Amino acid sequence: SSLEYGSVDVNRVCAAYTRSLEKFMTKKSSKLHPVLFTDLVDRHSPIAWHLAESAVGFLARAVNHYRKSQCILMLIQLLSKKTAEVAAIIEHVCPLMLDALIELLETESKDAKAKYVRDIARFGLKLVPVAKVQSCWERKRDDVAKAVRSFLELSRSVEAKRTCRQLMIEITGEKVLEASKQAKRSKKRALENGEAEAAAVTSQSKRKKSRKNQQQ
């Protein structure tokens with residue numbers, strides 16, 4: 001059946017935009033500019049939400065990181081434009097977005113450019129608060145948290161790590177340190193404890209020596 005948005009046939013508009021988005025994401029030769037899609041989100045977000053499922057699907061088929069990054073930015077923008085009229089679409093597409101986020105966090109964190117990695121982290125920070133009120137969150141939460149922890153261990157982007165620490169607080173309510181930092185802190189505490197113990201032994205030895213001298 002045809003969906004109406006004012007006098008606009010949403011099905012026809014979405015079909016045209018989906019074809020354009022597919023070309024942009026999968027064809028290196030595409031001359032399309034991402035502003036075509038961001039303008040739609042900005043001006044007609046209820047229509048743009050109908051592209052969300054396709055956009056998530058195209059992430060896996062993107063020809064390069066630039067196209068992926070632009071698609072991620074479009075999804076971030078969409079997540080800022082949620083209204084009651086698209087609640088059903090959000091509920092449907094949210095688990096797909098979470099799966100895409102997990103895949104990105106687990107596979108794109110190590111060797112990609114800092115800006116692209118940062119965009120992935122920002123996507124997670126924008127998506128998780130939306131996902132937490134959806135029915136899919138309980139079954140997806142642990143997988144998302146695991147992927148974020150993996151990202152924190154592998155990513156070299158300081159800013160992306162900072163964003164992901166904020167994301168872990170959003171997911172778990174607790175601050176999380178990478179294993180490397182935990183190891184450093186444990187080592188520091190061990191050294192401090194060892195130094196304190198050595199100082200205590202030295203002090204005790206001095207006291208014994210002092211008492212011995214006094215007795216003589």
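Biologist: Is D42 buried, exposed or partly exposed?

Modeller: D42 is partly exposed, at 47% relative accessible area. Keep in mind that this is a predicted model.

Biologist: And which side chain does D42 meet in a salt bridge?

Modeller: That of K81, with 3.4 Å from N to O. K81 counts as partly exposed, because its relative accessibility is 26%.

Biologist: What else is K81 in contact with?

Modeller: S45 is one of its contacts. Setting aside neighbours within four places in sequence, S45 is in contact with L40, L78 and K81. S45 lies in helix 3 (residues 45-48).

Biologist: Is S45 buried or exposed?

Modeller: Buried: S45 has 10% relative accessibility, and the cut-off for buried is under 20%.

Biologist: You mentioned L40. Which residues of helix 2 are buried?

Modeller: F37, L40 and V41 are the ones in helix 2. They span an arc of only 95° around the axis, which puts them on the same side of helix 2.

Biologist: What covers them?

Modeller: The cover over the buried residues of helix 2 includes helix 1 (10-26), helix 3 and helix 5.

Biologist: Back to charges. How many salt bridges are there in the whole structure?

Modeller: The search finds 8. In general, side chains of opposite charge can pair when their charged atoms come close. One of the salt bridges is between E138 and R141, at 3.3 Å from N to O. Both residues lie in helix 8, 3 residues apart, or about one turn of the helix.

Biologist: What does E159 pair with?

Modeller: The side chain of E159 meets that of R118 in a salt bridge, 3.6 Å from N to O. This pair links distant parts of the chain, with E159 in helix 9 and R118 in helix 7, 41 residues apart. E159 is partly exposed at 40%, and R118 also counts as partly exposed, at 22% relative accessibility.

Biologist: Let's talk about helix 9, then. How many residues does it have?

Modeller: Helix 9 has 15 residues (158-172). From first C-alpha to last it reaches 21 Å, close to the 21 Å expected at 1.5 Å a residue.

Biologist: Which of its residues are buried?

Modeller: In helix 9, A160, K161, T163, C164, L167, M168 and I171 are buried. Looking down the axis, they fall within an arc of 160°, so they line one face of helix 9.

Biologist: What packs over that face?

Modeller: Among the elements covering the buried residues of helix 9 are helix 6 (87-107), helix 7 (114-131) and helix 8 (137-154).

Biologist: What comes after helix 9?

Modeller: G173 follows helix 9, and its phi is positive, near 80°.

Biologist: I noticed a cysteine in that list. How many disulfides are there?

Modeller: The search of the whole structure finds 0. Take C94: the nearest cysteine sulfur is that of C136, 4.3 Å away, and C94 is in no disulfide. The cut-off for a disulfide is 2.5 Å between the sulfur atoms.

Biologist: Are C94 and C14 buried or exposed?

Modeller: C94 counts as buried because its relative accessibility is 2%. C14 counts as buried too, at 9%.

Biologist: Now zoom out. How many helices and strands does the protein have?

Modeller: There are 10 helices and 2 strands. Along the sequence the pattern runs β-β-α-α-α-α-α-α-α-α-α-α.

Biologist: And what share of the residues is buried?

Modeller: Of the 216 residues, 39% count as buried. The protein exposes about 12,900 Å², and carbon and sulfur atoms supply 50% of that.

Biologist: Last one: what share of the contacts join residues at least 24 apart?

Modeller: Among contacts between residues at least 6 apart in sequence, 69% do.

Terms used: Residues are numbered from 1 along each chain as its sequence is written. This is a predicted model: local features need pLDDT of at least 70, side-chain atom pairs count only at pLDDT 80 or more; totals for chains, interfaces and linings use all residues. Side-chain values use heavy atoms; hydrogens and water are left out. Buried means under 20% relative accessible area, exposed over 50%, partly exposed in between (1.4 Å probe, protein chains only). Helices (H or I, at least four residues) and strands (E, at least two) are DSSP runs, numbered from the N terminus. The expected span of a helix is 1.5 Å times one less than its number of residues. The arc is that of the directions from the helix axis to the C-beta atoms. Contact means heavy atoms within 4.5 Å. A salt bridge is a side-chain nitrogen of Lys or Arg within 4 Å of a carboxyl oxygen of Asp or Glu. Accessible areas come from the Shrake-Rupley method with a 1.4 Å probe; for residues, only the protein chains shown count as cover.
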